Amino acid sequence: APGLYLVATPIGTARDITLRALDVLASADVLAAEDTRTLRHLMEIHGIPLGDRPLIACHDHNEAQVSPRVLQAIAAGKSVAYASEAGTPMVSDPGFPLARAVIAEGLTVTSAPGPSAAICALTVAGLPTDRFLFAGFAPSQKSARRSFLQELAPIASTLVLYESPKRINQILEDCCEILGEGRKMALCRELTKRFEEVIRGTVAEVRQVCAGRDLKGEIVLVIGRGEKAAADAATVEAALDRALASMTVK
Ligand code: SAM
């Protein structure tokens, strides 16, 4: 059927692709990808020929220019499959301007769901998953990163962050200072790949483990929830009453 199909692709192991994603890649009239080479390679691995179908590059820098072409194709009754470089499109990846434009035209957007590093990390972190906040990449600049963490600190949800290995020691230092050394954390690295590793502990413990190592690869940080910032007013009032009563001079 005509429309935009957002196809999730593996975040490591090539076999982590759904049968439906393969069907969509095999049958779409037009293919679009953040990285055309990566998609070609993935299709090759799974034996899906591109044939004479167009394969359009669509990434952060050209999404606005490419969108009209995709819209035209869909309006003409074609199906377009879009894959970002890895994982789920639009999750810290391109795809949003394209999807928004398709929706604005009243055309169909469909998901072929699958892997995402955020969800994969949550499932192995060993931290509560009933309520979580995905915060994407922390800013690379120190002061911006610190205010980003300050904003997240009081939130009573598990936090999920993407981070580059280049800045991991810096963000762990900031986490110690801003979120507190005792807060729980899981550093999830190279998920679904050969050197997959999960380092669990308090923020201070994870920082100590990482300080002595040159961590490489892709990393997701999962952080335990913040404590309620302050006791609520009623509790404070009751405590105050008790304190005053005990201070009464007889
Ligand atoms: N769209 C992707 C998704 O759904 O997860 C995320 C794309 S974002 C540009 C890339 C970041 O995702 C990496 O820097 C890392 O933080 C995280 N990531 C992707 N693959 C990963 C993996 N196999 N293990 C750990 N983190 C991963």
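Two strands count as paired if DSSP finds at least two bridges between them. Helices (H or I, at least four residues) and strands (E, at least two) are DSSP runs, numbered from the N terminus. The structure is a predicted model: local features need pLDDT of at least 70, side-chain atom pairs count only at pLDDT 80 or more, and totals for chains, interfaces and linings use all residues. Residues are numbered from 1 along each chain as its sequence is written.

Five strands make up an open sheet with mixed pairing, in the order 6-7-10-8-9. Strand 6 (132-137) and strand 9 (197-202) are the edge strands, each pairing on one side only. From one strand to the next, the twist averages 15°. Within the sheet, strand 7 and strand 10 run antiparallel and are joined by five bridges. Leu161 stands opposite Leu221 in strand 10.

Two helices lie across strands of this sheet. Contact here means C-beta atoms, placed from the backbone, within 7 Å. Angles run from 0 to 180 degrees between N-to-C directions, and axes are lines fitted to C-alpha atoms, for helices over the stretch in contact. Helix 5 lies across strands 6, 7, 8, 9 and 10, at about 55° to strand 10. Helix 8 (residues 203-211) lies across strand 8 and strand 9, at about 135° to strand 9.

Around the ligand are 24 residues, of which Gly87, Ser116, Ala117, Tyr162 and Glu218 come nearest; a residue is near if its C-beta atom, placed from the backbone, lies within 6 Å. Helix 5 (117-125), strand 7 (158-163), strand 8 (184-189) and strand 10 (219-223) each give two or more residues to this shell.
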